[in-house]
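Please brief me on this structure. Keep it short and group the points by topic.

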Amino acid sequence: MPTITPAFADVTASDSALRRFLHGLPGVDAVGLEARAGSLGTRSIKTTAKAYAIDLAISMIDLTTLEGADTPGKVRALAAKALRPDPTDRTTPATAAVCVYSDMAETAVAALAGSGVKVASVATAFPAGRASLAVKLADTRDAVAAGADEIDMVIDRGAFLAGHYLKVYEEIRAVKEAAGAARLKVIFETGELSTYDNIRRASWLGMIAGADFIKTSTGKVGVNATPANTLLMLEAVRDFRAQTGVQVGVKPAGGIRTSKDAVKFLVLVNETVGADWLDSHWFRFGASSLLNDLLMQRQKLSTGRYSGPDYVTVD
Amino acid sequence: MSTVDATRLSVFKTYKLYVGGKFPRSESGRVYEVTDSKGAWLAHAPLSSRKDARDAVVSARKAFGGWSGATAYNRGQVLYRIAEMLEGRRGQFVREVAEAEGLPKAKAAAAVDAAIDRWVWYAGWTDKIAQVVGGANPVAGPFFNLSTPEPTGVVTVLAPQDSSFLGLVSVLAPVIATGNTAVVVASERLPLPALSLGEVLATSDLPGGVVNVLSGRTAEIAAPLAAHQDVNGIDLTGADAVLAKELEIAAADSLKRVLRPHATDWRSDPGTRRLTAFLETKTVWHPTGSLGASGSSY
């Protein structure tokens, strides 16, 4: 796959051309965006549609552990959970991937070998992204060498907010190259970008630079994925495909804890970009506690009685 | 009531549920008519659905860690505070009980006084029950062997159907005195004193979620609560024989502790039976070693 669409060759020719393009994107109607995201959140999804949504959401989860205290044992336990989220009900689908730090990628790869569950590794000095390009690239190569199928990189928010778009662009290009065959998810950390206009600009910047996925957040700051910023990014991938024919995935991450929230995001996907994205190849949830809530809801649907946290695994 | 100004419109009270320290309406938006003993309209009470029950369990579970971890002394103070707050609103409860149960003023006042005294009585028990039902067990070995009671967890309480306030307090107070958190289903026909009690609990230093009060059809709310996997015990006092049997069967699946209904005169001395119904005994073994020259193992 070409990492750059010819249509944008002139846009990325210089810092000023890139700035002109990004600042030329239409401004975001913040009130309208939030109202739209809010109104789509009021849809009532029940019975068979709910059962479908719950299974789809489970299959879209990047089951994540990104803690300083991660141990190989914890990663293996998480991998086991990703493979078989509910051991009491074998019809439960596996999650899409397990997401870990790059030094844990090898452990995760070994635990998931041959299962179809992917290993995603964060890289590029996650979560702050404050390191030299050489360090970021070494981090990425480490993760790929360990066998990661997907790389979750963070952009340099400092450079982005300072207006050095070309620097951000070139960094994403370089990481994309270092990632090789691994799919690249680009994290914007929307909670640090201040405005919806910036999120739209970051989305286009990431997609032009060759992102396979655009992702809201690291989960390490106060504001993470919200329905509004995810809707905005969905609109960006829709418009990008209309313009270039290239489909890019979206991954909201952080702060999605309940089944109800997850279903709201799926409604956003279906209403904004359509069924093409309703697949774990194109839409993911970055989450850890969400899975347990989905499993409890699933148990409620299959047994008719409310489940409790004693009946799902603790991670 | 005799001095009411004829030109003033009276303000009707909207009775609401008490869940998680807040006063929501039923999630279903439903209400039902509550009448006095002669059939005259008193108020509309929320007609709770199974989703209200689910939300109440979530609140009770969230509150359990803090409440069961609080010192027994602190729990006693909070329960005593409930009695203090009730004393200040005695008139309101006497009126509500008299209307609901069709009692003369004096009898209703006696019931409310007994209920207030019962809070004080159970307040005293919070830091004494462990000595009564726990203790050191003699064992054949160099060990301290200590048994202590611990709260069961989230307990569903079906309040008695005929005693709207004294009966309610008599089943609720012992459950929370020992550190459990409660989801109470008020008497179906006489729910108003229970809903007003929520307002008292909210101003008594009782953490939100420790007691959650639901009103509505007992059978409708109790069924999902009995089957709920995250409820640890159920007091079936307010269920008739047929319903109690059904609920006990539903509760068996998750090994809930069940307190079966039995005829009770709520005015009589309650004893410790209800206090111990929702307690689990934990026993620890600790090696004593031999410390003293005298051969004492302490």
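In α9(B), the buried residues are B:Ala244, B:Leu247 and B:Ala251. Buried means that 20 or more other C-beta atoms lie within 10 Å of the residue's own; exposed means 12 or fewer, partly exposed is in between, and C-beta atoms are placed from the backbone. Helices (H or I, at least four residues) and strands (E, at least two) are DSSP runs, numbered from the N terminus.

This is a predicted model: local features need pLDDT of at least 70, side-chain atom pairs count only at pLDDT 80 or more, and totals for chains, interfaces and linings use all residues. Residues are numbered from 1 along each chain as its sequence is written, while chains are lettered from A and ligands numbered from 1 in the order in which they are written.

**Helix α9 of chain B**

- The buried residues of α9(B) fall within an arc of 70° seen down the axis, so they line one face of the helix. The arc is that of the directions from the helix axis to the C-beta atoms.
- B:Val242, B:Ile249 and B:Ala252 are exposed, on the face of α9(B) turned away from its buried side.
- Cover for the buried residues of α9(B) includes α8 (218–227), β8 (233–235) and β9 of chain B. Contact here means C-beta atoms, placed from the backbone, within 7 Å.
- α9(B) has 12 residues and reaches 17 Å from first C-alpha to last, close to the expected 16 Å. The expected span is 1.5 Å times one less than the number of residues.

- B:Leu255 sits in the loop between α9 (241–252) and β9 (257–259) of chain B.
- Phi of B:Leu255 is positive, about 55°, although the residue is not a glycine.
- B:Leu255 is exposed, with 8 other C-beta atoms within 10 Å.

**Chain B overall**

- Chain B holds 10 helices and 10 strands.
- Its C-alpha trace spans about 90 × 40 × 35 Å along the principal axes.
- Buried residues make up 45% of the 298 residues.
- Among contacts in chain B between residues at least 6 apart in sequence, 74% join residues at least 24 apart.

**Helix α4 of chain A**

- A:Val75, A:Leu78, A:Ala79, A:Lys81 and A:Ala82 are the buried residues of α4(A).
- They cover an arc of only 160° around the axis, so they lie on the same side of α4(A).
- Elements covering them include β1 (61–64), β2 (97–101) and α5 (105–112) of chain A.
- The 12 residues of α4 (residues 72–83) should span 16 Å, and the end C-alpha atoms are 17 Å apart, which agrees.

**Backbone exceptions in chain A**

- Most residues other than glycine have a negative phi, and most peptide bonds are trans.
- The peptide bond from A:Phe126 to A:Pro127 is cis, with omega near -5°.
- A:Pro127 is in the loop between β3 (118–123) and α6 (133–145) of chain A.
- A:Ser194 is not a glycine, yet its phi is positive, near 70°.
- A:Ser194 lies in the loop between β5 (183–187) and α9 (196–208) of chain A.
- A:Ser194 counts as exposed, with 11 C-beta neighbours inside 10 Å.

**Where the chains meet**

- The contact takes 7 residues from chain A and 6 residues from chain B.
- The chain B side has 2 nonpolar, 2 polar and 2 charged residues. Ala, Val, Leu, Ile, Met, Phe, Trp, Tyr, Cys and Pro count as nonpolar, Asp, Glu, Lys and Arg as charged, and the others, Gly among them, as polar.

Terms used
Two residues are in contact if their C-beta atoms, placed from the backbone, lie within 7 Å.
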